[in-house]
Amino acid sequence: MKTYRIAAIPGDGIGTEVVAAGIEVLQAVARREAAFALEVERFDWGGEYYKQHGRMMPENGRDLIRNHDAILFGSAGHPDIPDHVTLWGLRLAICQPFDQYANVRPTRILPGIVSPLRGVTDRELDWVIVRENSEGEYAGVGGRAHRGSPLEVATDVAMFTRAGVERIMRYAFGLARSRPRKLLTVVTKSNAQRHAMVMWDEIAAAVGAEFPDVTWDRMLVDAMTVRMVMRPRTLDTIVATNLHADILSDLAAALAGSLGIAPTANINPERTFPSMFEPIHGSAFDIVGKGIANPVGTFWSSVMMLEHLGERSAAARLMKAVERVTADPRLHTPDLGGSARTRDVTAGVIAAIEGAND
Ligand code: ATP
């Protein structure tokens, strides 16, 4: 029987609560399928580690997880540590060297969940946002000079390479092709940003020619927010830059009912390095330790992990179990307007995994 080695990095805040729940359901689905096993190794990196060691993870951290089959990540963020330290010290310190350049974020309205968009159900809203995850506005290029003086200057340079844009476009067109509607929207801002975004558009057209069966269109990012709210049915697969997709996917998560539900995958398509799966929410220190964190985003991320590992039957079983649970309002956590606890949702999903015959 195949054994997958999973690196679990719970991180900070509710990350520790939802990752513990995620491991429980993953182990339950592995037991139920009886076709593979999961060997989970936990790495306690993050804010507490930083307080003790002055860094978010050990210097050889990446070497410790390089040969795992996948990474399940919780959240990095700590009230006492600046956000750019926690982000660059852990999440980006893994994503970038492991070349996880495709950040994939499905959005769907799960059964039992009410979208803030009136009357919109899963038939009208079923999207996947592909976020360029290695360069663009978050390339880390820039600096500050004359600190503290009135002449201080600070720059963050958005850096786009032809190779980087081509590979994310190819990934997005390929993903769009794999979905029933074969529909891609390329998000851009090439009216105001006349260098990199124009190159982005040109490359989209060139790569699009390789995918004649995919219908695609182009949207300026500002108009895209309007279309997502007013005409959600017209969208399917979406590709955008690091910054644009960061913002659009938070909007998408809100439209799908709660930040607590939304999953994401940081994919290294070439499989040279492990890919990383995480809920999109942060560490939510306002609810930490209360036992009410919604674990569904982590469960859905675990589904994406199983798909990436090629365990389709297990992935489908887990997704079905999650949907059974979201359909039951008694198993909704407070972010969804209910009074269930993380524990109840986890037990409900495990019961659905164990009970389902199909
Ligand atoms: P960070 O600074 O790490 O990004 P944050 O606390 O600023 O984290 P999020 O955690 O992304 O931001 O979410 C904002 C709010 O949404 C939280 O404060 C919390 O109230 C709510 N929330 C987010 N995720 C969940 C969840 N899984 N379950 C319940 N509520 C959640």
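Eight residues of domain 1 are in contact with 13 residues of domain 2, where contact means heavy atoms within 4.5 Å. Domain 1 covers 1-101 + 269-358 and domain 2 covers 115-256; these bounds come from an automatic or database domain assignment. The centres of the two domains, taken over C-alpha atoms, are 25 Å apart.

This is a predicted model, in which local features need pLDDT of at least 70 and side-chain atom pairs count only at pLDDT 80 or more, while totals for chains, interfaces and linings use all residues. Residues are numbered from 1 along each chain as its sequence is written, and side-chain values use heavy atoms, with hydrogens and water left out.

**Nonpolar cores**

- A nonpolar core is a set of buried Ala, Val, Leu, Ile, Met, Phe, Trp, Tyr and Cys residues joined through side-chain atoms within 4.5 Å. Buried means under 20% relative accessible area, exposed over 50%, and partly exposed in between (1.4 Å probe, protein chains only).
- The largest nonpolar core has 84 residues, of which Met169, Trp200, Val239, Leu318 and Val349 touch the most other members. At least three residues of this core come from each of domain 1 and domain 2.
- A second, separate core holds 16 residues, including Ala7, Ile9, Met56 and Leu90.

- Val25 is part of helix H1 (residues 15-33). Helices (H or I, at least four residues) and strands (E, at least two) are DSSP runs, numbered from the N terminus.
- Val25 counts as buried because its relative accessibility is 0%.
- Not counting residues up to four places away in sequence, Val25 touches Phe299, Leu318, Thr346, Val349, Ile350 and Ile353.
- Val25 and Thr298 are 273 residues apart along the chain, and their C-alpha atoms are separated by 9.9 Å.
- Leaving aside neighbours within four places in sequence, Val349 is in contact with Val25, Phe299, Leu318, Ala321, Val322 and Val325.

**Aromatic rings**

- Rings of Phe, Tyr and Trp (its six-membered ring) pair if their centres lie within 6.5 Å; planes under 30 degrees apart count as stacked, over 60 as edge-to-face and the rest as tilted. The count by this rule is six aromatic pairs.
- Phe98 and Phe273 are a stacked pair, because their ring centres are 5.1 Å apart and their planes lie at 10°. Phe98 is in the loop between helix H4 (83-95) and strand S4 (102-108), and Phe273 is in the loop between strand S11 (263-267) and strand S12 (275-279), 175 residues apart.
- Phe98 has 0% relative accessibility and so counts as buried.
- Phe173 and Phe211 are also stacked, because their ring centres are 5.4 Å apart with planes at 25°. Phe173 lies in helix H5 (residues 162-178) and Phe211 in the loop between helix H6 (196-208) and strand S9 (215-220), so the pair ties together parts 38 residues apart in sequence.
- Phe173 and Phe211 are both buried, and together with Trp216 they form one aromatic cluster.
- Arg167 lies over the face of Tyr101, 3.8 Å from the ring centre. A charge sits over a ring if NZ of Lys or CZ of Arg is within 6 Å of the ring centre and within 35 degrees of the ring normal.

**Thr185**

- Thr185 is in strand S8 (residues 183-188) and counts as buried, because its relative accessibility is 0%.
- The side chains of Thr185 and Asp217 make a polar contact (2.8 Å). A polar contact is a pair of N or O atoms within 3.5 Å; within protein, one must be able to donate a hydrogen and the other to accept it, and residues adjacent in sequence count only if both atoms are side-chain atoms.
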